[in-house]
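Biologist: Could you walk me through this model by way of its helices and sheets, with the criteria behind each term stated as we go?

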Amino acid sequence: MLRNNYFGETKTHYKLYKCGKNWAVMGISLFSLGLGMLVTSQPVSADVTATSTSSSAVRTDAISASSSSAEKAETTSASSSSAAKADSQTSAEVTADSTSTSQVVTNNSNNQNNTAQPAGNSTSTTQSTNQANSQISNQGQLNQFATGFVNRAISEGANVDPNNFTQAQIDALNKLEKYSTTKKNTDTTQFTYYQFQQTADKLAEVDPQYAIPYFKADQIQNLPAATAKDGQTGKVANMDIWDSWPVQDPTTGEIANWNGKQLVIAMMGTPNANSNHLYLLYNDYGGDNFAGWKNAGDIFAGYRGDKKTGLEIFDDQEWSGSAYPLDDGSIQLFYTHSKYETKTINHQNHQRIATANLKMKLNADGTISIASVDNDHTLFKGKDNASANGTHYQTFDQWAHNVTMFDGHKEDFGGADNFAMRDPHIVKDSQGNRYLVFEASTGDDDYQSEDQIYDLRNYGGNAKFQLESLFNLINNDYSVKDKVTGKMIKIGRDMRVRASQANAAIGIIKLGGTENNPTVAEVYDPIISAVMVSDEIERPDIVKIGDTYHLFAASRLNRGTNDAAWRKANDKVGDNVVTLGWYSKDLTKGFKPLNGNGVVLTSTVPANWRTATYSYYAVPTRSTDPRFKNTVLITAYMTNRNRVADYRNKDGKAVLDPDFIQENNGEHNSTWAPSFLLRVNPDGTTRVLPYVTNQGVWDFNNATKLNTNIMTAKADEAYLPWEKGVPFDNGSILGSGQDWVDSMPSDPYTPTAPTAPTAPTAPTAPTAPTAPTAPTAPTAPTAPTAPTAPTAPTAPTAPTAPTAPTAPTAPTAPTAPTAPTAPTAPTAPTAPTAPTAPINPSQPTTPTKPVQAGQAAATNFVDQRLPQTGETDQQHMTLSGLLLLAMSSLLGLFGMTKRQRKE
């Protein structure tokens with residue numbers, strides 16, 4: 001009983017013990033789970049805080065970087081814009097650039113501090129631009145376009161104060177946008193005001209690249225063939241000869257060989273008789289003998305004018321042109337037909353382009369005469385539509401009228417204003433198409449008017465030059481010092497009138513019809529325009545070198561609108577005549593100025609000297625000498641017309657004294673000048689060469705002689721003794737009305753002729769080769785040895801029989817498996833360790849690592865790295881929470897297993 005009670009108590013105690021044990025195990029498990037969660041959750045919270053802070057830093061950095069990128073982009077854009085503006089040279093680019101500037105610099109004075117400045121500008125430029133902008137804003141009268149234009153001019157050094165602008169200047173500036181942005185034909189090349197200025201400067205400098213050589217005045221002769229019957233007066237006279245041209249191949253430009261003769265057509269006439277007609281001259285083909293030229297007479301005498309007398313009349317004239325031979329032996333002539341009209345005062349010549357076919361006759365004595373003039377008719381007058389006006393080119397009816405000028409007075413367009421429809425030059429392209437290039441004036445598409453003064457594209461240069469030139473043109477009081485009187489003379493109004501009227505052009509038309517009776521097939525836009533700049537660019541001719549067309553034209557600068565520039569040239573040299581030039585692969589458009597500014601030739605002596613030249617005409621050369629590669633021959637007439645070279649100084653006045661003239665070898669008439677060479681480089685540059693021919697040479701070939709006696713490096717040999725210091729109104733020569741006393745021009749640098757190459761030494765005779773040795777006879781080959789007989793193959797052995805396989809052995813019985821051993825009891829769990837004391841807040845903690853730029857700002861529990869240890873959250877949970885959970889689970893499993901066994 002006692003035992004049973006003991007057993008029962010023991011059993012009950014055991015059950016209670018086991019129950020308590022199970023509860024303890026469950027408690028420990030739960031404690032471990034909670035502790036693991038506590039340990040693992042605490043660092044995650046700290047990491048999230050750090051990440052959030054770093055994320056803010058990333059956002060701040062991103063914003064900063066974005067702002068920096070935008071700032072850099074703006075700086076780059078501003079810098080590029082500034083460079084593009086600074087590089088602007090053409091008038092069209094300056095206009096566009098001024099527009100761009102005006103969009104940046106506004107008239108809103110409240111936004112001055114916010115005005116963007118281009119990167120790379122100097123402090124002084126920026127300050128001056130800001131100052132100018134503020135000043136213009138204070139004016140409050142300039143539009144946005146004008147504001148930008150003035151700002152740029154000041155930044156380029158223009159010495160102007162916008163606060164002091166007159167109302168006239170403000171009005172002019174405000175017109176720029178309207179007239180500088182209208183559409184213009186891009187096929188036409190503009191000869192600009194800036195190029196005109198450069199041309200005048202080069203002339204005044206006597207730059208050797210462009211300067212016409214000096215010629216010895218005492219070596220110059222009148223043309224013997226010019227002493228002939230005048231077709232207008234009917235009398236034999238010593239005539240002047242001026243504008244001349246050869247009969248040429250229209251494709252190559254070379255001098256034509258007509259039955260062994262070279263032919264030249266020239267304007268000739270008795271001095272001071274208003275006789276201006278065409279004559280035919282001839283010489284041996286390829287010859288350079290000045291005395292060998294003969295005169296076949298006035299071409300149109302008997303075909304035009306007075307039918308009773310067979311003489312021409314003064315108001316029906318023929319001027320400059322061109323000619324080429326046809327297959328039937330006739331000559332097709334293109335010329336200027338000029339008739340006086342009564343529609344205007346003073347300059348009443350009505351010019352038109354005409355053509356005629358000349359039937360030629362070679363007489364038995366070797367002389368040439370004109371058998372007939374056929375199909376003589378007007379070809380083109382500038383009118384290209386049904387209206388009275390010309391679209392591309394000005395007509396006579398457009399020109400011949402009175403208009404009200406800017407200051408209210410009536411201006412007759414027959415004074416300074418020139419009408420031009422003349423000087424046709426024939427050209428054939430490689431396909432055989434025929435074209436005429438000619439002097440003209442612009443038509444309705446780009447017509448003359450005061451509005452052209454406000455078109456910046458006519459100026460060229462930079463904004464500084466444009467602003468200064470504009471203010472000079474609109475200033476009626478603009479004055480320069482007169483060289484003779486020493487007084488200031490006003491030229492402002494004259495310049496403004498000229499600029500309102502100037503519209504010189506080089507035109508082009510395509511021909512149709514037959515060669516001996518041509519018509520106009522197509523009218524093109526001008527290839528050159530000098531609107532607002534010059535009213536006369538004459539005698540155009542084309543020379544093709546390689547695949548490039550070179551256009552040359554003569555001009556007097558006093559026909560231009562920059563009075564100060566050409567007066568300066570007159571003061572320095574005593575004349576202002578030049579040759580201009582352009583080049584293009586396309587005959588009808590796209591011409592670029594030679595030498596970058598269009599200057600090719602400049603005069604070097606005063607207009608009243610014997611050696612003064614003009615009416616330059618370029619022809620190709622036929623010489624194969626390497627010295628003359630890529631050259632053209634420049635021809636001209638010498639000595640201005642109407643015996644200018646015979647005037648002398650008598651009691652302070654320029655007079656013509658017949659007795660004095662006879663005492664000094666007679667009259668000194670206009671004559672043909674010595675010709676000289678001009679090199680035309682493939683890069684579009686030119687240079688005058690020190691090679692001069694006899695007078696009157698048109699065909700430069702291998703037989704042409706260079707005349708070293710007629711050229712000089714000394715200016716004091718270029719005039720006759722009585723010509724120096726003659727007081728003269730050169731209005732009678734140059735049409736300017738400027739009184740002057742010619743000054744000694746400075747001697748230009750005259751390049752020395754290259755030394756002749758030394759003759760090559762004769763090569764030494766080559767050594768005779770030695771005779772080859774006879775080859776040795778080859779040795780005879782040895783006879784081949786006979787091959788040995790092959791051995792017979794042995795018989796194969798019989799195969800052995802295979803052995804029989806052995807019987808397989810019986811498999812052994814498998815061993816019975818051993819009983820499994822009882823598992824060992826698990827060890828009792830150890831009591832959990834007490835948690836570590838929290839970190840003293842006063843102690844510094846390890847600082848958090850900064851988050852790199854670009855790290856995500858969102859909280860992420862996966863692979864987050866603890867800032868204190870560098871470990872990740874996942875690693876910390878594995879070592880703490882999961883280990884304790886595994887231990888508690890093992891204890892619980894052990895307790896339940898033991899209970900089952902006890903029961």
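Modeller: Buried here means under 20% relative accessible area, with exposed over 50% and partly exposed in between (1.4 Å probe, protein chains only). This is a predicted model, in which local features need pLDDT of at least 70 and side-chain atom pairs count only at pLDDT 80 or more, while totals for chains, interfaces and linings use all residues. Residues are numbered from 1 along each chain as its sequence is written, and side-chain values use heavy atoms, leaving out hydrogens and water.

Biologist: Which residues of H10 are buried?

Modeller: Helix H10 covers residues 492-501, and eight of its 10 residues are buried, so the helix is largely enclosed by the rest of the structure. Helices (H or I, at least four residues) and strands (E, at least two) are DSSP runs, numbered from the N terminus. The buried residues of H10 are Gly 492, Met 495, Arg 496, Val 497, Arg 498, Ala 499, Ser 500 and Gln 501.

Biologist: What percentage of the residues in the protein is buried?

Modeller: The secondary structure of the protein comprises 14 helices and 36 strands. Over the 903 residues of the protein, the buried share comes to 46%.

Biologist: What share of the contacts in the protein with a separation of 6 or more comes from residues 24 or more positions apart?

Modeller: A contact requires heavy atoms within 4.5 Å. Among the contacts in the protein with a separation of 6 or more, the share from residues 24 or more positions apart is 68%.

Biologist: At what angle do the axes of helix H7 and helix H11 cross?

Modeller: Axes are lines fitted to C-alpha atoms, for helices over the stretch in contact, and angles run from 0 to 180 degrees between N-to-C directions. For H7 (residues 193-205) and H11 (residues 563-573), the axes come within 8 Å and their crossing angle is roughly 10°. On the H7 side the contact is made by Phe 196, Gln 197, Ala 200, Asp 201, Leu 203 and Ala 204, and on the H11 side by Ala 565, Trp 566, Lys 568, Ala 569, Lys 572 and Val 573.

Biologist: Which residues of H9 make the contact with H7?

Modeller: H7 packs against helix H9 (residues 463-473) at an angle of about 85°, with the axes 11 Å apart. H7 contributes Tyr 193, Tyr 194 and Gln 197, and these meet the H9 residues Phe 465, Ser 469 and Leu 473.

Biologist: Which residue in S12 is the bridge partner of Thr 355?

Modeller: Strand S11 (residues 349-362) and S12 pair in the antiparallel sense over nine bridges. In S12, Thr 355 is partnered by His 377.

Terms used. Pairing = 2+ DSSP bridges.
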